[in-house]
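Trainee: I am new to this structure. Could we go through its pockets together?
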Amino acid sequence: MNMITTTDALDAACERLARHPFITVDTEFLRETTFWPKLCVVQLASPDEAVVVDAVADGIDLSSFFALMSNEKVLKVFHAGRQDIEIVWHLAGIIPHPVFDTQVAAMVLGHGDSISYDQLVQRLTGHVLDKSLRFTDWSRRPLSAPQIAYAEADVTHLRDVFLKLDADLKKRGRADWVGEEMAVLTSPDTYRQEPERAWERLRSRARKPKDLAVLMEVAAWREREAQSRDTPRSRILKDDVIGEIASQHPATIEKLGQLRSIPKGFERSRAGEMIVEAVKAGLARDPKTLPRIERDKPLSNGASATVELLKVLLRMTSEQHGVAAKVIATVDDLERIASEDEPDVPALHGWRRELFGDRALALKSGHLALAMQRGRVIALDRPDA
């Protein structure tokens, strides 16, 4: 098949696709040498057709594609769609809606934690996908016929996967479960890259308030530099270097040059000067305005034992109901349930609480017991405990 390379052809295709209740969506992009993903190819399919769009064709306007992504009458189906959605957010400032993620649906239906697309296609349809072109350079033109066919297959097989998962969800009464999970995927907060929040990824490297203040300023500087220069963060400054700067807070060029992680001569560069200014800004911050440094407290012996029991209950629940354990509760959920009186964790909300959370609390309080029966773990109610 030929790729769409003109605005008129794309507009006509999007008009046709918008007549359907759902479409499948995928993108091919590059990000190894940039901060922002570089969109190269867009694949779209309805029950009637599939199109492959050259997103870097000269003069092509993607406005009709973005309009389709925000069309509330059309469900957009992705597999592990977070990066695809991030691209639309970055280029157009919109979040595709409504959406359906087949990886999330697969977890809800017990197909394992974060199952890959090719594995899910093979399991549900029997087709074995050729993934030999997975790491191709999608920015080079012209694309070969095998590349275009590969791109098209990603959305045509996705139609079959979606229909099977959707039918299974409705049959088992779990369609709303997936809907709840889409709230995070479609929240702008998931995709915002605010420099002032860049420190949150590195919070564990700050031991004292002064360290945190410096960390916040240097991390924000790196984020602004990476975004403005469209360069990966690590090419501006590696995480380990920021960690050492935060702990040593060098407020002069000379002190910056004395750090082990700083290359010789780097301190005299423009970046070195700006880092020193960021350190000074951090040291000047009022400690009272800083976020509180949360320390991971070691669990007591009793809480540690409770966590182990909760893991057994989680595994049993996962197998009993055919839901991936990862999507029911995380280790953090279990630790907080075990150690806190009123933990506010996802496992204690919505369908998760109905499936697992209430039983987890009952196990913790002694109103539920675990036992072995014919080689299997079972749960026994203890109402009088």
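This is a predicted model: local features need pLDDT of at least 70, side-chain atom pairs count only at pLDDT 80 or more; totals for chains, interfaces and linings use all residues.

Trainee: What volume does the largest pocket have?
Mentor: The volume of the largest pocket is about 740 Å³. Its lining consists of 24 residues, and those closest to the centre are Asp26, Thr27, Glu28, Phe29 and Arg134.

Trainee: Which elements give two or more residues to that lining?
Mentor: They are strand S1 (22-30) and the helices H3 (82-92), H5 (117-125) and H6 (145-171). S1 provides the largest share of the lining of the largest pocket, with six residues.

Trainee: How does the lining of the largest pocket divide by class?
Mentor: It has ten charged, nine nonpolar and five polar residues.

Trainee: Let us change topic. What volume does the second largest pocket have, and which residues lie nearest its centre?
Mentor: The second largest pocket has a volume of about 490 Å³. Among its 22 lining residues, Val104, Met107, Glu181, Val184 and Val327 lie nearest the centre.

Trainee: Which helices give two or more residues to that lining?
Mentor: Helices H4 (102-108), H7 (175-185) and H14 (325-328) do. H7 gives the most to the lining of the second largest pocket, namely five residues.

Trainee: And how do the residues of that lining divide?
Mentor: In the second largest pocket, ten lining residues are nonpolar, seven are charged and five are polar.

Technical notes:
Residues are numbered from 1 along each chain as its sequence is written. Side-chain values use heavy atoms; hydrogens and water are left out. On a 1 Å grid over the protein atoms alone, a cavity is a set of points where a 1.4 Å probe fits but cannot get out, and a pocket is an open set with protein on both sides within 12 Å along at least five of seven lines; lining residues have an atom within 4 Å of a point. Grid points are joined across faces, edges and corners, and a volume is the space filled by probe spheres set on the points. Helices (H or I, at least four residues) and strands (E, at least two) are DSSP runs, numbered from the N terminus. Ala, Val, Leu, Ile, Met, Phe, Trp, Tyr, Cys and Pro count as nonpolar, Asp, Glu, Lys and Arg as charged, and the others, Gly among them, as polar.
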